[in-house]
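Good morning, colleagues. Please look at the model on the screen while I go through a few of its contacts.

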Amino acid sequence: MLKQPRAVWAVAFACVIAFMGIGLVDPILKSIASQLDATPSQVSLMFTSYMAIMGIAMLVTGVVSSRIGPKRTLLCGLVLIIVFAALAGSSSSVGAIVGFRAGWGLGNALFVATALATIVMSARGSTAQAIILFEAALGIGIASGPLIGGLLGEHSWRAPFFGVSVLMLVALVATTFFLPSTPPTGRKTSLADPFRALRHPPLLLIALTAIFYNIGFFTILAAGPFALPRAGIIEIGWIYFGWGLLVAFVSVVVAPIVQRAIGTVPAILATLVLFAADMAMMAIWADHSAVVTVGIIASGAFIGSNNTLITEAVMGAAPVERPVASAAYSFVRFTGGAVGPYVALRLFGEAPHVHVHAPFWFGAASVLVGVAILAAGARTVARTTHGELAEAGLGNDGRDRAETVLIGDLD
């Protein structure tokens, strides 16, 4: 598996940097709020704009890639990330950073929605090995993002943004020279295809469940640093590094074992209930930094498990092409879940009227709404996941499965 062409390593490296962007800003949230005289809810819009635009852009990534080819789509995404990350780092107001983060989200959508399919197409060995390679890059990126953000953020809150821009420039050069030309192949998809896919109840139910799960997920990212008033930039970086390691390890190693043991839908429900309980624990003892720290790190296990399990549920949720189903699902969950950070930190309040418990109660309640939706439609969803998804996932040379795994792991 490690004897891969340089093109594969170039794209994998770019994947690591792209997924750093998810948690990169966590350690510097408080610093940005302090130095740019912004409220927590204003700072939270950096998550909201990033995820909302990414969700909307998922509708067009297939349209773009099917017309200009994967390599050009990758390069367009990389260029956008380089430009908007650098612009965010040079900004002098939170409003400007929020806007540039939206452009960053567009670039990220174009890149990551094409990266795994490109690795599968270019890699030596089996499709499963290519997916594992991608999962490893994803895990390294998610885990290292907060740590890199913390280390660079010790010098300046601008440094993490410029760091991503420079690293992505290296990835752009490597991808340009090492990845062969990849002309468009297959059917040209349309903007209407994802909306047609949402007519199928199982896919819609999973997407609605994921909205409320994502609200909880981004509440952890946005509210966590503000609930640790004594933690500095590097301390927050290490806390979310531990969180990222659990996300990566559980999504790759533990979740498939749980799925085989009790089934996809029961495993999702159990994971969501545990996630809600974890957030409720943080809400009750939000005044105790040690409890909040443990709760943040532990949530990585539930988030990692849920990423993999919901991905598997999406795979057979609608009788349409897997990339189309993935685009529809991602559009609903990202655009819907993007409101979570803003609402959570509006509830947090401002000094002297800080309500440190409220964001976590909000997150826990949102996740329980997702539990209720999935429980109500469990029979409908279970019919699509029963009969072993491995068989469904290996169709079309494994590439449909690869695209769906990618979209699920964007969380």
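The count of salt bridges, taking a side-chain nitrogen of Lys or Arg within 4 Å of a carboxyl oxygen of Asp or Glu, comes to one. This is a predicted model, in which local features need pLDDT of at least 70 and side-chain atom pairs count only at pLDDT 80 or more, while totals for chains, interfaces and linings use all residues. Residues are numbered from 1 along each chain as its sequence is written, and side-chain values use heavy atoms, with hydrogens and water left out.

The bridge joins the side chains of R196 and D193, at 2.8 Å from N to O. Both residues belong to helix α8 (residues 192–197), three residues apart, or about one turn of the helix; helices here are DSSP runs of H or I with at least four residues, numbered from the N terminus.

A283 is buried, at 1% relative accessibility. Its C-alpha atom is separated by 4.9 Å from that of F360, 77 residues apart along the chain. Leaving aside neighbours within four places in sequence, A283 is in contact (heavy atoms within 4.5 Å) with H357, F360 and W361.

Finally, W243: not counting residues up to four places away in sequence, W243 touches several residues, including F217, L221, I296 and I303.

How values were computed. Helices (H or I, at least four residues) and strands (E, at least two) are DSSP runs, numbered from the N terminus. Buried means under 20% relative accessible area, exposed over 50%, partly exposed in between (1.4 Å probe, protein chains only).
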